[in-house]
Amino acid sequence: MTLLGGWAPEYLAAIVDSTDDAVIGKTLDGTILSWNKGAERIYGYTADEVVGRPISILIPQDRADELPKILSRLARGERIDHYLTKRVRKDGKLIDVSVTISPVHDKTGKIVGASAIARNVTAQQDATKEALRMREEFISVAAHELRTPLTTMYARLQLVERRLARKDLDPALAHRDVTLVRQAADRLKTLIDRLLDISRMASGRLELDREDTDVAEMVRSSALMLAETSGREITVMAPDPPEGYRMAVDGVRLDEVVVNLIDNAVKYSPDGTAIDVELASSPEALRIGVRDRGPGVKPADRTRIFEPFHRSSTTGVPGVGLGLHIAKQIVELHGGTLTVETPADGGSRFVVTVPRNSEGGLGDDGSGNHR
């Protein structure tokens, strides 16, 4: 067996064939000389189909000028590192690749060809494009949503300032203006909190602070608060024994989910229609369903409504499109699910299911902290 630098040629060939990257040998005029299994997987051609053919079969028509430039640089002894470009597969599909191309020398040092190592980076490029799209959408939506309450606050404070300058301050008008400013500030705080939650989720820093919680009482309290502020009828049904509704959950976060779902039901339901919140307990899980009588969720939106910044196409109700995404993430951190159902008689039912096997044991201090 002939050794090359201490390695058997067969072993070196096996290494080249085992890599996921395409390793291609070619002459200085671009004729393919060698083709590994990685190249076959990436480009779809077998070695028998391409060896002896020009490398240009992989280059899209709109990038035909790339090849002469690459071959010219190789002839000068230059190495091309991590060149990001597009190539075309046998099936005609365009893919993104990162290519490193090096000149190959013979024993006398003369450049006789080139070796190319290509990696399919289509998935990474698509992920980068999606991240950039989401960033632009994030900036656009956040700027718009932040501006709305700020405009209200600024306008109302200007009015108060003018009245004070004229010494013409009506207590009733001042109270109204202060109330509107406070409501705008509350909306601003909610939006900022949601944007911060998105950031924490993206970095894996959103943590749960579990403790033994009466979930039914928590839901009743939130429903009562929202009923009073909205003037809507919100019915809470919890027919199971009270002890069945106690779980080790992050009460603050789970309450955020419930408030979001009920608030959405209020926004999307016609005036005068009822909103039902039903709790169900079993040995396996605790279930919270929030039912509205609104227009429902279109089939095309039933998955997308949980994506960040997505707003339902059903109505023109304004919103930043983060509430359901954050709610779903919080529920999933509890090991549960958040789904939407379409009742036969119309409307929507959003269902939170939290499994009991996700509770874990309470700490020695009874706090249930799991961070």
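A residue is called buried when its relative accessible area is under 20%, exposed when that area is over 50%, and partly exposed in between, as found with a 1.4 Å probe on protein chains only. By this rule, buried residues make up 39% of the 371 residues in the chain. The structure is a predicted model, in which local features need a pLDDT of at least 70 and side-chain atom pairs count only at pLDDT 80 or more, while totals for chains, interfaces and linings use all residues. Residues are numbered from 1 along each chain as its sequence is written, and side-chain values use heavy atoms, with hydrogens and water left out.

View 1. Contact here means heavy atoms within 4.5 Å. Of the contacts in the chain with a separation of 6 or more, 56% are between residues 24 or more positions apart.

**View 2. The open sheet of β2, β1, β5, β4 and β3.** Five strands form this open sheet in the order β2-β1-β5-β4-β3, and the pairing is antiparallel; two strands pair if DSSP finds at least two bridges between them. The edge strands are β2 and β3 (80–88), each of which pairs on one side only. From one strand to the next the twist averages 30°, where angles run from 0 to 180 degrees between N-to-C directions, and axes are lines fitted to C-alpha atoms, for helices over the stretch in contact. Strand β1 (residues 22–27) is joined by six bridges to strand β5 (residues 111–120), and the two run antiparallel; A22 has A118 in β5 as its bridge partner. Helix α4 (residues 66–75) lies across β1, β3, β4 (94–105) and β5, and runs at about 155° to β3.

**View 3. The hairpin of β1 and β2.** Three bridges join β1 to strand β2 (residues 32–35), and these strands run antiparallel, with K26 standing opposite I32 in β2. The hairpin has four residues between its strands, and G30 takes a positive phi near 90°.

**View 4. H82 in strand β3.** Most residues other than glycine have a negative phi. H82, however, has a positive phi, near 45°. This residue has its place in strand β3, and H82 is exposed because its relative accessible area is 61%.

**View 5. The open sheet of β8, β10, β11, β13 and β12.** In this open sheet of five strands, the order is β8-β10-β11-β13-β12 and the pairing is mixed. At the edges stand β8 (234–237) and β12 (337–341), each with a single partner strand, so one side of each is left without a neighbour in the sheet. The twist from one strand to the next averages 15°. Strand β10 (residues 275–281) and strand β11 (residues 285–292) run antiparallel and are joined by six bridges, and A280 stands opposite R287 in β11. Helix α8 packs on the sheet, where it touches β8, β10, β11, β12 and β13 (348–355), and its direction makes about 20° with that of β11. Helix α9 also packs on the sheet, touching β12 and β13, and its direction makes about 130° with that of β12.

**View 6. The packing of α8 against α9.** Helix α8 (residues 251–268) and helix α9 (residues 323–333) pack at an angle of about 145°, with their axes 9 Å apart. The contact is made by R253, L254, E256, V257, N260, L261 and N264 of α8 together with G323, L324, I326, A327, I330 and V331 of α9. By class, this contact has eight nonpolar, three polar and two charged residues, where Ala, Val, Leu, Ile, Met, Phe, Trp, Tyr, Cys and Pro count as nonpolar, Asp, Glu, Lys and Arg as charged, and the others, Gly among them, as polar. The buried residues in α9 are G323, L324, H325, I326, A327, I330 and V331. Just after α9, G335 takes a positive phi of about 85°.

View 7. R163 lies in helix α5 (residues 122–165), and R163 is buried because its relative accessible area is 11%. The side chains of R163 and D177 are joined by a polar contact of 2.5 Å; such a contact is a pair of N or O atoms within 3.5 Å, and within protein one must be able to donate a hydrogen and the other to accept it, while residues adjacent in sequence count only if both atoms are side-chain atoms. Leaving out residues up to four places away in sequence, R163 touches D168, L169, L173, R176 and D177.
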